[in-house]
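Q: Please take a close look with me at one part of this model and at what surrounds that part. I would like to follow it residue by residue.

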Amino acid sequence: EEGSLDYFIPKTVEGTSGYTVPGKRKAEVVTAKGCVARCTFCHRFERGFRAISVDRLVEHLRHLVSNYNVGCVSIADENFGSDRKIAWELAIRLGEMGLRWRVSGVRTRSVTQESLQHWKDNGCVEVHYGIESGSPKMLKVMEKNLTLEENIEALKWTGEADLTTCIQLVLG
């Protein structure tokens, strides 16, 4: 419908994380479907895990940049980074395109100090983690297959890479 573009590829407004670029639009993209985990609370939109090829993603991103003036990308996956090779290559390509980007749905087990710095060096400004709980007991009940220590270490590395973060928690 005419006039609906702003709902799907909105104009940016400068935010606190440095994610936006004045005069550019932002777009949300999905780079993978599914998850590598089987957490007890999860809705599981997709069975298994499959990532879109980097070349296909770059083709889509070039279309968004050239046709819609996109300068910021929000990666909205359930499980970004589980395929570390794809995440590494995608970061390079996003950096080459000069895009500012952020990512959500990251498992702390999927990152290293080196990968987070690599993402930062290639335009990433923000990483959102599915931490779910600060309780080791609840992490076991949820079958997160992560430890509190792994979560803390990933958050520490994120700060050291000067990336903004947000932790997603399950309450109630």
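A: Let's settle one term before we start: two residues are in contact when heavy atoms of theirs lie within 4.5 Å. The model is predicted, so local features need a pLDDT of at least 70 and side-chain atom pairs count only at 80 or more, while totals for chains, interfaces and linings use all residues. Numbering runs from 1 along each chain as its sequence is written, and side-chain values use heavy atoms, leaving out hydrogens and water.

Our part is helix α4, residues 113-121. Helices here are DSSP runs of H or I with at least four residues, strands are E runs with at least two, and both are numbered from the N terminus. S115, L116, H118 and W119 are the buried residues of α4, buried meaning under 20% relative accessible area and exposed over 50%, with partly exposed in between (1.4 Å probe, protein chains only). Looking down the axis of α4, these buried residues fall within an arc of 160 degrees, so they line one face of the helix; the arc is taken from the directions from the axis to the C-beta atoms. E114 and D121, on the other side of α4, are exposed.

What lies over the buried residues of α4? The cover includes β4 (70-80), α3 (84-96), β5 (100-106), β6 (124-132) and α6.

Take α6 (residues 148-160) next: its axis comes within 9 Å of that of α4, and the two cross at roughly 35 degrees. Axes are lines fitted to C-alpha atoms, for helices over the stretch in contact, with angles from 0 to 180 degrees between N-to-C directions. On the α4 side, Q113, L116 and Q117 make the contact, meeting A154, W157, T158 and E160 of α6. By type, these residues are 3 nonpolar, 3 polar and 1 charged.

Just after α4, G123 has a positive phi of about 100 degrees.

In β6 sits E132, which is buried at 11% relative accessible area. Beyond neighbours within four places in sequence, E132 is in contact with F41, M142, K144, Q168, L169 and V170. In β5 we find G105, also counted as buried, at 12% relative accessibility. G105 touches D77, E78, N79, F80, H128 and Q168, residues up to four places away in sequence being left out. From G105 to E78 the C-alpha atoms are 4.7 Å apart, although 27 residues separate the two in sequence.

How values were computed
Nonpolar A, V, L, I, M, F, W, Y, C, P; charged D, E, K, R; others polar.
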